[in-house]
Structures are given as C-alpha cells and as structure tokens.
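I opened the notebook today to look at the ligand, the space around it and the backbone. Here is what I looked up, in the order I did it.

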Amino acid sequence: MTEKPMLAALAGETLKTPPIWLMRQAGRYLPEYRKLRAETGSFLDLCYNPVKAAEATLQPIHRFAMDAAILFSDILVVPDAMGQKVGFREGEGPVLDAVRDRRAIEALDPEAVVGRLAPVYETVSRVSRELPDTCAMIGFAGAPWTVATYMVEGGTSKDFRSVKALAYGDRDGFSELIDRLVAATIGHLAAQVDAGAEILQIFDTWAGILPEDAFDDWCVEPTRRIVSGLRERNVSVPIIGFPRGVGLSYGRYAEAVGVEGVSLDTSVPLDWAAEHLQSQVTVQGNLDPVLLTVGGAAMDGAIRRIVERLGSGPYIFNLGHGVLPQTPPENVAALVEAVRSC
Ligand code: CP3
C-alpha cells in the first residue's frame, strides 16, 4: 500500500521529495477557470454547483498533478449559510450586510449550516471519486476570527476598526458571534470529512492584526475548540492551521491548538521555523506568491533555499499566501517541476 505523500508528511515523515499544492491553486489565473466561471454566473453560484465546483477543484490537478486537491468553495459560505446576506462583486471582493449588534448576531443560525451547504459536501464526494491515487483531498474553513472580520466589516477592510471595536468594546456580544462560528465550523468541517475530505485546513488570514492577548482569545482559543470538537466527534484526519502574519506566536499557536501542521506565511524565517516549529508539527509554505508571478532564476533560487532549509524535516511545499490572478500558469508548471527535482 502506498500512502499519499501529503498524509505521510502530516504523519511526521520526512520525504525525499516534498509534496506540493498551492493555496488558491484553482482560480482566475487559469484560462479554464475563467471559462467555467463565465459559463456559470456568480462566484457563489459556482460554489453551490457540485458538478462545476468539482471541475474547478480538479483543473489544477489535471494541469499540474498537484499532491492535493483543495475543495473549490470559500470561507464565506459559512456566514451565507447562517443567514447573513453574502455577495461577491467583480473587482471588489465580498460584500456582506454587516453584523454589528446583538440582534444581528442572535439571528445567525449555526444549526442551519450543514443542511444548507449540502451542495458543497456533494462537491467533496464527487472530487474524491475522481482523484488520482496519490492525490489527497483537502477540506477547509475560515477560522472564526477571520470570518468574523468579513461579517462585521461587511467585506474586506484596511484597518479592521469595526471588528476590533466590537471585540474590545462588547466582549460578551463578540464572544456570542465567535461561539456561533465555532459551532458552525465544527459541523461544516466534519461534514466535509464525512463526504471524503482526508485533510482539513483552517485559514486565519487576519490573525496577524491582533495584539497578543486578543490573538489568544479570538484566534488560538476558538481554533483550539474547533480542533478538540472535531476530535470529540471522532474526526481523526490531520489538520493544518494557517495563522497568517503572527510571527513568533506561530510557536504558541502550534502548541496550543493541537494541529498536525502549520502553514507558514512568507515572512516566517526558515531557520526559526525549522528549529522552533518543525520539531512539534509538519510545516507548509512559504514561497512569496509574487515570486511565482516573476518566475525564472529569482523563483528558482527561492525554491531551493526553502527546500534546503525545511526539507530535512516533515514538510509540504506551498506558497506563503494564495496564487495571485496575474500568475502565468507556465510559472506554476515550472515551480512544480523545480520542487520535484530538488
Ligand atoms: O483553490 C483554492 O484555494 C480553493 C478555493 C478557495 C477560494 N477562497 C476561492 C475563491 C479558498 C480556500 C478560499 C479561501 C478564502 N476566501 C480566504 C482565506 C485564504 C486567503 O486567501 O487569505 C479568504 C480570506 C476568502 C475570502 C475571499 N474570497 C475574498 C477576500 C475574495 C475576493 C478577493 C479575491 O481573491 O478574489 C474571495 C473570492 C474568491 N474565493 C475567488 C476564488 C477563486 C475569486 C472569485 C472569482 O472567481 O471572481
């Protein structure tokens, strides 16, 4: 029996060639994605169409033979399914009816999520049936803090003033929002595993904007509760956490949350990660996505440095954040080739 390289790496094995996949490996940089998207209508229509979402998930697998497929969906399907109005505007990103007070928070229904997101789980099971033998299926969710930033700000933000003001000014109200997100996220992740997901990743994209105490309260603790809630429900698949931008606090996160892997953003120093993180967990990352748009010798040099420093322990190659829409697909092909010949 040959184990999938992603599962071996997350079980703590050091592999000769690191497995590779990329955050946002499906998306606008691929002409076949742009075509599918144009045929389907809105971005959320695509997320809720199992046949087409499965196709989007598989596009980078067919083109690049990645070692993992990540479900084509979004972190904001959870607030959508809890009853908050969510839309995506061309060139602008997500737009939500902002949740700012107790009444709006108490109207959110975590119990509705798994029923309403049935098409997403159907996508997972379709993809699982079609994956090559060595390719692992990744399910995901946003961490409560990051999802809450979009819910409270009403979309993307520059300074996160509204969500921070709510968290600092009405601790009980904000806890209620986070508790509902914890419950919804446990259900959502468990349902993906029931449908065939073999690995879970939890994206905390905006973890790095909080001071230490608030990071512990709103990122570490809720994510720890999600992981332990999943374990209580006998969900035993490996989990990767991505607390983007938290610097030295990656160490505390890895220890406290109980994940098998952490995804490193581009700023994490490699020698520090090798010394302080890789002894506890598998590490994943962290090529600068802009180097992938540039390609050539600059990219190749960076790939070699990363694999040299992290490849002697449990390691998965990835970017430090998602693939940018400007990325030439041929640079992704060159990246995969370079990592596999390291
Ligand atoms: O390939 C994959 O990684 C799987 C699919 C995936 C998407 N979003 C598809 C998507 C995943 C894992 C996500 C996660 C996600 N979504 C995060 C966490 C990771 C990160 O990038 O920080 C966040 C913060 C979101 C919220 C979100 N979704 C934003 C802010 C935007 C607009 C900006 C943008 O990049 O377009 C989206 C839209 C989105 N999510 C697109 C895709 C393919 C583009 C939609 C389109 O086709 O127009």
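I sorted the shell around the ligand by class and got 13 nonpolar, 5 polar and 4 charged residues. For this I took Ala, Val, Leu, Ile, Met, Phe, Trp, Tyr, Cys and Pro as nonpolar, Asp, Glu, Lys and Arg as charged, and the others, Gly among them, as polar. A note on the source: this is a predicted model, where local features need pLDDT of at least 70 and side-chain atom pairs pLDDT 80 or more, while totals for chains, interfaces and linings use all residues. Residues are numbered from 1 along each chain as its sequence is written, and side-chain values use heavy atoms, without hydrogens and water.

Next, the neighbours. Of the 22 residues around the ligand (a heavy atom within 4 Å), R24, R28, Y33, T205 and H321 come nearest. Helix α2 (31-40) and strand β3 (93-96) each supply at least two residues of that shell; I took helices (H or I, at least four residues) and strands (E, at least two) as DSSP runs, numbered from the N terminus.

Then I checked polar contacts (N or O atoms within 3.5 Å). The side chain of R28 has an N or O atom 2.5 Å from a ligand oxygen. For D74, a side-chain N or O atom is 2.7 Å from a ligand nitrogen. A26 uses its backbone, with a polar atom 3.1 Å from an oxygen of the ligand. The protein covers 89% of the 880 Å² of accessible area that the ligand has on its own (Shrake-Rupley method, 1.4 Å probe).

Which pocket does the ligand take? The ligand takes the space of the largest pocket. I counted a pocket as an open set of points on a 1 Å grid over the protein atoms alone, with protein on both sides within 12 Å along at least five of seven lines, and lining residues as those with an atom within 4 Å of a point.

Last, the backbone. A cis peptide bond joins G285 and N286, with omega about -20°, and N286 is in strand β8 (residues 282-287). A65, not a glycine, has a positive phi of about 50°.

Notes: A polar contact is a pair of N or O atoms within 3.5 Å; within protein, one must be able to donate a hydrogen and the other to accept it, and residues adjacent in sequence count only if both atoms are side-chain atoms. On a 1 Å grid over the protein atoms alone, a cavity is a set of points where a 1.4 Å probe fits but cannot get out, and a pocket is an open set with protein on both sides within 12 Å along at least five of seven lines; lining residues have an atom within 4 Å of a point. A molecule sits in a cavity or pocket if more than half of its atoms lie within 2 Å of its grid points.
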